[in-house]
Amino acid sequence: MVLRYHFYIFVNIYKLFTGNTMKRLFNIITLSLSLAFAQDAASVASVQFDGTGLSDLETKTIYNYFMGELEKASDNPIQAQESVDQAVATLDLVTADCYKKDCLAAAQEAVASNVLLAGTLKFAKNKYRVKVYKMDTSNPGKVKSYKIRYKGDTDGFITELEILAWKIMGKEVPGRLNAKRKPNQESLFEQIAENPWAQRGAVLAVAGLGASSYLKNTAGAAESQNQIDRLKGINPNAPGIKAHQDSMDGAKSTAMLSLGVTVGSLAYGYFTGVFSEE
């Protein structure tokens, strides 16, 4: 829709410089109206957050706090929630909880907005987790994400969510919000344990140790085999052959176990989304 307005503006600019005086005056007025109309067409649409661990009423109440602050932070009008919900009701973004680029782009096209927001809200063990995805026509094809991890009472979390609304719109956070912030009660250990980079590091460390052990034991098994071949060449019944055979079998077993640890840890990271988390 916005592209269509831009096309109208281009046509009017062309007419402005090619017509006679009266036509130019008329085109100036038309161009002004087109510019104003295009300005009004710029809008922000937000899909209601998908909630986990909270009732529908709790999720909607918290989301409304976010939207109230988003409206204050936005220079452009916010689309009516009901119309946004209707426009995306049958899309994968809602039906399959798909927050990939293609799903977000389809939702943005459906609501015809300049900025589209969608996200998830999770609550478990007194911890709130929010992830908001943003698509903006000023940066086509790109998805920007914002996160909150907060442990504490609901009021403190709502303040963090209101602050996030200003950050998403690229605005300076008002002093009234910074003044009422409450400390995040999440411990340093919890922050590290739930940090995606820490999780990736742990998975890769285990995989690395497994791979190192696999290579070391594979090389050990090969060396034992060389010793067995050497001894058999001298004396097929040499007493040291059995010891090397046992060593080789043990090294092979350890190597296979290490390989399993490597593959298993990488598979765990892949299927739990450790490597896909931003």
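Which residues are linked with Glu69 in a network of salt bridges? I opened my notebook with this question and come back to it below, after some ground rules.

**Entry 1: ground rules**

I am working with a predicted model, in which local features need pLDDT of at least 70 and side-chain atom pairs count only at pLDDT 80 or more, while totals for chains, interfaces and linings use all residues. Residues are numbered from 1 along each chain as its sequence is written, and side-chain values use heavy atoms, with hydrogens and water left out.

**Entry 2: the whole protein**

I looked up the secondary structure and found 11 helices and five strands; helices (H or I, at least four residues) and strands (E, at least two) are DSSP runs, numbered from the N terminus. Of the 278 residues, 37% count as buried, where buried means under 20% relative accessible area, exposed over 50%, and partly exposed in between (1.4 Å probe, protein chains only). The accessible surface comes to about 16500 Å², and 60% of this belongs to carbon and sulfur atoms; such areas come from the Shrake-Rupley method with a 1.4 Å probe, and for residues only the protein chains shown count as cover. I also looked up contacts, meaning heavy atoms within 4.5 Å: of those with a separation of 6 or more, 57% join residues 24 or more positions apart.

**Entry 3: the salt bridges**

I noted that side chains of opposite charge can pair when their charged atoms come close. A salt bridge is a side-chain nitrogen of Lys or Arg within 4 Å of a carboxyl oxygen of Asp or Glu, and by this rule I have seven of them.

To answer my opening question, Glu69 is linked with Lys72 and Arg176 in a network of salt bridges. Within it, the side chains of Arg176 and Glu69 meet at 2.3 Å, N to O. Because Arg176 lies in helix α8 (residues 175-179) and Glu69 in helix α3, this pair ties together parts that are 107 residues apart in sequence. Are the two partners buried or exposed? Arg176 is partly exposed, with a relative accessible area of 42%, whereas Glu69 counts as buried at 2%.

I then looked up Asp153, which forms a salt bridge with Lys182, the closest N and O atoms being 3.2 Å apart. This pair links distant parts of the chain, with Asp153 in the loop between β5 and α7 and Lys182 in the loop between α8 and α9 (188-193), 29 residues apart. Asp153 is partly exposed at 37% relative accessibility, and Lys182 is partly exposed at 34%.

Lys180 forms a salt bridge with Glu162, with 3.4 Å between the closest N and O atoms. Lys180 lies in the loop between α8 and α9 and Glu162 in helix α7, so parts that are 18 residues apart in sequence are tied together by this pair. Here Lys180 is partly exposed at 41% relative accessibility, while Glu162 is buried at 7%.

**Entry 4: the nonpolar cores**

A nonpolar core is a set of buried Ala, Val, Leu, Ile, Met, Phe, Trp, Tyr and Cys residues joined through side-chain atoms within 4.5 Å. The largest one has 28 residues, of which Phe66, Leu70, Val130, Phe157, Leu161, Leu164 and Ile168 touch the most other members. At least two residues of this core come from each of α3 (56-73), β3 (115-124), β4 (127-136), β5 (143-151) and α7 (154-168). Which element gives the most to this core? It is α7, with seven residues.

**Entry 5: Thr59**

Thr59 is found in helix α3 and is buried, with a relative accessible area of 4%. Again leaving aside neighbours within four places in sequence, I found Thr59 in contact with Phe49, Gly51, Leu54 and Leu121.

**Entry 6: the disulfide**

A disulfide is a covalent bond between the sulfur atoms of two cysteines. The rule I used takes a pair of cysteine sulfur atoms within 2.5 Å, and the count comes to one. Cys98 and Cys103 form this disulfide, with their sulfur atoms 2.0 Å apart. Their link is right-handed, with 80° about the S-S bond, and both cysteines, Cys98 and Cys103, are buried.
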